[in-house]
Amino acid sequence: MLGTPRIHLETVASTNREARDRIRTGAPEGTLITAEHQTEGRGRFDRRWEDAAGQSLLASYILYPVRGAEEWGGLPLLAGLAVKRAAETFLNADVLLKWPNDVLVAGKKLCGILVESGRLGDRGWVVVGIGVNVRQREFTGSYRTPPTSLLLESGRPVDVDEVQSAVTRELSTLYGLWTDKGNAWLCPEWTRCAGMFPADIVLEDETGKRQLRAVDLGRDGSLIVENEHGERTSVFAGDVSILSANEENNA
Ligand code: BTN
């Protein structure tokens, strides 16, 4: 079971960074670092992840996967699926997954996931960092995807620690299945649950922005996209925005 031991901190720079430090001092598989507040929370592509104290689940899980590193690309998908399942226990609304690891309710972002990995000696490690918006009534600042919280979507206060328990439970179950069956099981399961395909998208990566159609998930966790000529390619990194019918005409 993941989540044991659990180390809960009042304030920390970043739970992911704390987890990485604790890997160096021998933290066991399943260790969970949580915090009330992060002063230097980090997102994908080195973006900042801001939080107001006590409003979000800020959690990082330490894993030493026995599956080969070529399958670790599945872990961000696995984490998104765990958060979706956990969120659905608090909400009476559809929770969708947007590749690679955004969890959306009514097109708004409920959660961010940052998975980091490396090696220490002969052992590979992974830190799965999860930030879930739980109790926010409003958000200040500018966001690429508008944010939302469990409170805003359910209309009732939700306890951050209950969210932590639900996420830990779902992640433990899915990680156990992934350890046994790998991405050959995970990728079709993610596709079935995500509710993402097909979708007209804008993909932004180091080459710029392109409008494409997302059609499937590859067995390696990549996003399979189609251009206007019906040619398919696999995408391994980038930011995806899903276009609504109106935006398609204007993009
Ligand atoms: C993203 O959407 O860009 C990912 C955001 C990930 C934020 C979480 S909060 C807990 C953990 N600690 C961090 O510094 N980041 C992750």
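A salt bridge here means a side-chain nitrogen of Lys or Arg within 4 Å of a carboxyl oxygen of Asp or Glu. Keep that in mind as you click around this predicted model.

**Stop one: the salt bridges**

By that rule you have 20 salt bridges to look for. Start by selecting aspartate 161 and arginine 6: their side chains meet in a salt bridge, 2.9 Å from N to O. Aspartate 161 sits in helix α4 (residues 160-181) and arginine 6 in strand β1, so this pair ties together parts that are 155 residues apart in sequence. Show the surface and you'll find aspartate 161 partly exposed, at 36% relative accessible area. Arginine 6 is partly exposed too, at 34%.

Next, select glutamate 189 and arginine 85, whose side chains form a salt bridge at 2.7 Å, N to O. This pair also links distant parts of the chain: glutamate 189 belongs to helix α5 and arginine 85 to helix α2 (residues 75-88), 104 residues apart. Is glutamate 189 buried or exposed? Its relative accessible area is 14%, so glutamate 189 counts as buried, the cut-off being under 20%. Arginine 85, on the other hand, is partly exposed at 24%.

Now pick aspartate 102 and lysine 98, another salt bridge, with 3.0 Å from N to O. Aspartate 102 is buried, at 9% relative accessible area, and lysine 98 is buried as well, at 6%.

Before moving on, select Arg44, Arg47, Arg144, Glu204 and Asp239 together: salt bridges that share partners join these residues into one network.

**Stop two: the loop between β2 and β3**

Zoom in on the loop between β2 (32-38) and β3 (56-63), where you'll find phenylalanine 45. Check its backbone: phi is positive, about 55 degrees, although phenylalanine 45 is not a glycine. This residue is partly exposed, with 46% relative accessibility.

Step along to aspartate 46, which lies in the loop between β2 and β3. Aspartate 46 counts as exposed, at 67% relative accessibility.

**Stop three: the cis peptide bonds**

Go to threonine 4 and proline 5, which are joined by a cis peptide bond with omega about -5 degrees. Proline 5 is in the segment before β1 (6-12).

To finish, select phenylalanine 197 and proline 198. The peptide bond from phenylalanine 197 to proline 198 is cis, with omega near -15 degrees. Proline 198 is in the loop between α5 (183-194) and β8 (199-205).

Conventions
Residues are numbered from 1 along each chain as its sequence is written. This is a predicted model: local features need pLDDT of at least 70, side-chain atom pairs count only at pLDDT 80 or more; totals for chains, interfaces and linings use all residues. Side-chain values use heavy atoms; hydrogens and water are left out. Helices (H or I, at least four residues) and strands (E, at least two) are DSSP runs, numbered from the N terminus. Buried means under 20% relative accessible area, exposed over 50%, partly exposed in between (1.4 Å probe, protein chains only).
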